[in-house]
Every structure is written in structure tokens, then in C-alpha cells.
Protein chains: 2
Amino acid sequence: MLLLVGRQAEIESGLASRLGASDPLRQRLEVIDAPEVVAMDEAPASALRGKRRSSMRLAIEAVRDGRADACLSAGNTGALMAISRFVLRMLPDIERPAIAFQMPNRRGGTTTMLDLGANVDCEPAHLLQFGLMGSALVTALQGRESPSVALLNIGEELIKGNDTVKQAGVLLRESGLNYVGYAEGNDIYGGEVDVIVCDGFVGNVALKTSEGLAQMMGQFIREEFGRSLVSKLMALAAAPVLRRFKHRVDPDRYNGAALVGLRGVVFKSHGSASPAAFEAALRRAHDAAGNRLLDRIRDSLEQVRARSGAPDGSAAVALSP
Amino acid sequence: MLLLVGRQAEIESGLASRLGASDPLRQRLEVIDAPEVVAMDEAPASALRGKRRSSMRLAIEAVRDGRADACLSAGNTGALMAISRFVLRMLPDIERPAIAFQMPNRRGGTTTMLDLGANVDCEPAHLLQFGLMGSALVTALQGRESPSVALLNIGEELIKGNDTVKQAGVLLRESGLNYVGYAEGNDIYGGEVDVIVCDGFVGNVALKTSEGLAQMMGQFIREEFGRSLVSKLMALAAAPVLRRFKHRVDPDRYNGAALVGLRGVVFKSHGSASPAAFEAALRRAHDAAGNRLLDRIRDSLEQVRARSGAPDGSAAVALSP
């Protein structure tokens, strides 16, 4: 069952033009009317306080009320985060939500990176929590038990990272996670490690830098193949190969970032996602809920708490900043 | 005149096999014997204290003593930075040296980014100083007066950056530089701005992430064109275009990072640079010295001091953290 939350009339007319009323697929869709819309450039606080009947708010409330197992939105990220946090609340012992994204890597798999922008100043304990959540996410989405976790840091040659990263390394080493040490920026694409943990400022810069470089390289390829009649013929000759290359780095396939740390499964699609990209994100949200992402995060937290010897129910020292 | 600093016997025998003794080019080369070598993995402190006759030390001393206008090294970055700082000392009012690099951009030009790893925790005043130095570097290397300067920050949608970046924005706006506001990671490759300022942790991650992504895309192109006899034939057909593409993103052309903030011009080449890449770095070091990089940085500092109304000779408030 898929709940479509938004302006009912618009959704119904969109559906009517694509599906017959008796189509079995139509029977699996339910429309929930939400008269208000959160604008892409709206301040999160305004969306949270002023729009109690927005599609975003009602979709997240459906998760809270158990009507939905997961929420997927292609809307305003800041508003989605603020409303999710308010409506769903955080998991116990998780202080900050994080945005986690699966990046393609050289080995043909994906590397999960978090945080990508929800938090700018992180304490070591937050980075530990990101490690726990990223690890649980990889298990839920890829079925990989005990995925490897690394901390993003800078080169051997120079000053070896800041104090926060060093202290987070100590916490991760004691966490029971499969912590493998430091990674550098190039390791995001190397495929040697499953999860890379960093603060949201650094993660956002790495993601946006990658988008910018990929766009530049794509533009250069197009320009070179479009330069003359001869190079256009060469592009035609090489078209099948260029298509396969494009497929391998196609951002549509990697669409869908998880907002982790909440008491509910929430995913964010790119705002300008194609139908194929939106489907990829929907699949991720479905898999995360189906493979019990939240239970896995809770179990990991329990393990860290048990290892650190804290009494039942109280937060372990390592879990608080 | 080019001074070659290193193990004399090895350099002489290398030269002898390439140049006749009466070759006019040979007359423009002078060999300075340096019996000690700083290892690539050596701790900067050990290189600084223990190797007073290393090639790195003697080359930097040649700059200090006025025998050379600039130093170029392909060695250990941390050691190069530590020795440069000790031997040359910092420019007045500059507290931290920075590593600046010209990245290729979509418009066919370069975007200068700093710091790329010399400093992990920066105060707003350090970011202002990086802006001044980056601006002077672009003028010296590209002949562009009043280049645009932006601060690296994260997306509109989310929390708008950390306090350090916000405060640095205030200082830059008052600096007299052509400050244009915030940039995001993708703007590094957009070509809309000449200088992008960030702390060394973020800059290093952005640089390494770019290296990793470029390697992955290069590998995917090679794999797809090498997959079968047919695709190999397609690669052959498209070879001239692929070569032109490769040339546009060839890291050799962009080799040569400036260590700015010192009382002398010091450049760092990639450790595994090809001869062409080393030549590109040598050209950058030559241009920086020839176009009075240090005077330009000093003039910028004077202007900031004058604008902030501080008495002559004393450091302006904005220039200290």
C-alpha cells in the first residue's frame, strides 16, 4: 500500500490520467489530502509552526501513527528534518539526526556517508552515533552484517586531523562496531570501506564538490564529442559504451538519502528527481523499513551501552558528549 | 638561473647523461650539494631538527639568503611547511601559512582554493588572511586585478554554516577585497569565483574527494571501452576526442601548490609528478616570484589595516583572532 499525501484533487486527476479506476495498482494507492505546501525556500521554523496541514507534516504524522512504515519526500530538506524531529522525536541516546547517503564506488558497490549537512559542529559522541546509525543502515539496505566503519580525516603528511576526530576514533574503537580507522576523501569512492563518518559541514562539502566535478567532467565529454562533425560521428560510434558509462555514474540510481536517528523511517529524494530516481529512493525507504532499520539502530545502541558497563536504561558515558 | 639542490653526485651524473658540458642550458643550472634527504613519511619535527643539510632545508635557506627567488619541492609536505616556517618565518600579521591550489573549472580557467591542509582549526581572522593571500596569488599568477573571493559554506536548505564561517564573512565584507559571499562545494568547479576560502580540514577533504571521484570516473571509462573487442574498436574510433578530454582534466597541468603566508615563495609539487607536471609547478613558482606575490600580500594587509583604522604598524583588530 502506498499513501500519496498532497493536494487531493491534483493527485486524483494525475492518477486518473494514468490508471483506470479498476486497475489493481490503483487499489494499492491511497490519497491523503494535504491542502498546504512547504515551499522549497521556506524557513524550517515557518514550515514547522505555520503549516500543520502540509503534505510533509501529514506524511510524517502517518509514520508516527503507524499508518505508514516510512516517509519519502522530495521537498525542502531543512523543513523535512525539523518536522520529522518534532513529530517523530529522536531515538533514545541519539542526540542529533543525520543525513546518510549511499555514494557509488569503484568496486561497483556503494559507500554510505553521513552526516551530509544536518549538523555543522559535532562532538566526538555524535560521530560515534553516526557510526552506529550508518552501520545499521548498511545492514538494513545491503544485508551486510558488521559493515566496516571509518572516520573521515585528512592526510598522513600533514597535521593528523582535529581533536574531535581523534576522540571520536577512540570511542569508535571501543564501540563494538567494525571500526577500521581513518579514511581520506578519496576513500569515499575507493570501495574499501562501507561507512564513512564525518560532520555535516565536511560531508556536505564533499557531496557538493563531487556533484560539481561530475558535472564538469560530463560537460567536457559532451563538448569534446560535440566539437565538430567528425567528433559527433565518433560519439555516435562510441554511443553504446558512453551509454554504459553514463549508467554507471547515473545519479538517479543513487537517489534517496536517509534521515537517521528519528523514531521513524524518513527518506529524502532529490528535489528534481526523475521518475526512475524517485523509484530508487522509494525502494530504499521500503527496504529500510522492511529490514527493521530502527530496531537495528536500537540494538547497536544497546551493545555499546553494555560494553561500556553502564547500568540498564542509563546512557553510557561514551554515548554522550 | 636554476639551482638544483640535492645529492651533488647524483644530480651531476643525471645532468651529464642529458646535457653536454658546453650546452648553454647547462650554464644556467647550478648544483648545490645537500647530503641529507627528508623521507616522505618522516615526521616534520624530525626533519626540522635532525636534518640541517637536507635538500629541502638548503633550498629554503637559498630563498632566505636571497640566492633564490622561489623554492619548489616535491617532497614531504609537512616537513616543507615546518622548515619553511622556521627558516623564512611568517609575513607580519599572518598567523598561519596556508596551502593554495589552482583547480580546473568548467569555464576552462582555474579556481584557487585555500587552505588545503596546513590548518585544521581556523579562527575567522585566519580565513580572512587566507582570502587576502589567495587574492594576491591570483593576481600574481593570472594577472587578474581584484579577483572575486568566496567563503566555502554549506547549502541554503540546511543550517547555514558554522559560526566561524559567518564571522569570517563579516571580516571579508569589510576587508576591501572583492568578496562575493558564500560558495558551495560545486562552485569549486563552476568558475564563477576566483578564490574559495576554507579551513584546511574541509579543503583537504574536498581535494581528496575530487581525486577519488576523478579516478573512479577514469577507471569506469577505461573499463567500458575495454570490455570487448567491439568497445575497444569504439575507443580507437573515438581516440582523438578521448585524448582531448583527458588533456582538459589532466592533473599534470594543474600541478604546483603555493605555501602562502611565508616571507618567501615556496611551492609544492605532487610527489609523483611527471616531468611535464614538474615543469608546470616550476612555472607557477617562477611567475609568483616574478609577479611580486609577497609585495602583493603585504599591500593587501596594509589596505585592511588602513580600512580598519588601526594606527600604523599595529595589527588591526580584524587581522587577529
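In the predicted model, strand S3(A) is joined to strand S10 (residues 265-268) of chain A by 4 bridges, and the two strands run parallel. Within this pair, A:Ala70 lies opposite A:Val265 of S10(A), and A:Ser73 has A:Lys268 as its bridge partner in S10(A).

A:Leu259 is found opposite A:Val266 of S10(A). The hairpin formed by S9(A) and S10(A) has 4 residues between the strands, and in this hairpin A:Gly261 adopts a positive phi near 110 degrees.

These strands belong to an open sheet of 8 strands in chain A, ordered S3-S10-S9-S4-S5-S8-S6-S7, with mixed pairing. From one strand to the next, the twist averages 25 degrees.

Helix H11 (residues 275-290) of chain A packs on the sheet, where it touches S3, strand S9 (257-260) and S10 of chain A, and its direction makes about 160 degrees with that of S3(A). H11(A) consists of 16 residues and spans 22 Å from its first C-alpha to its last, close to the 22 Å expected at 1.5 Å a residue. Its buried residues are A:Ala277, A:Ala280, A:Ala281, A:Arg284, A:Ala285 and A:Ala288. Viewed down the axis of H11(A), the buried residues fall within an arc of 135 degrees, so they line one face of the helix. An α-helix has 3.6 residues a turn, so residues three or four places apart point the same way. The cover over the buried residues of H11(A) includes S3, helix H6 (124-142), S9, S10 and helix H12 (293-307) of chain A. On the other side of H11(A), A:Pro275, A:Ala276 and A:Gly290 are exposed. Just after the helix, A:Arg292 has a positive phi of about 50 degrees.

Toward the other end of the strand order, S6 lies between S8 and S7 of chain A. Strand S6 (residues 148-152) of chain A is mostly covered, with 4 of its 5 residues buried. With strand S7 (residues 178-183) of chain A, S6(A) pairs in the parallel sense over 5 bridges, and A:Ser148 has A:Asn178 of S7(A) as its bridge partner. S6(A) is also joined by 3 bridges to strand S8 (residues 195-197) of chain A, and these two strands run parallel. In this pairing A:Val149 stands opposite A:Val195 of S8(A).

Beyond the fold of chain A, the model contains a contact between the chains, to which chain B contributes 53 residues and chain A 52 residues. On chain B, helix H5 (77-88), helix H8 (200-225), helix H9 (229-237) and helix H10 (239-248) each supply at least two residues of the side that touches chain A. H8(B) gives the most to this side, with 21 residues. By residue class, the side of chain B that touches chain A divides into 26 nonpolar, 17 polar and 10 charged residues.

Technical notes:
Residues numbered from 1 in each chain as written. Chains lettered and ligands numbered in written order. Predicted model: local features only at pLDDT ≥ 70, side-chain atom pairs only at ≥ 80, totals over all residues. Contact = placed C-beta atoms within 7 Å. Nonpolar A, V, L, I, M, F, W, Y, C, P; charged D, E, K, R; others polar. Buried ≥ 20, exposed ≤ 12 C-beta atoms within 10 Å, placed from the backbone. Pairing = 2+ DSSP bridges. Axes fitted to C-alpha atoms, helices over the stretch in contact; angles between N-to-C directions. Expected span 1.5 Å × (residues − 1). Arc of directions from axis to C-beta.
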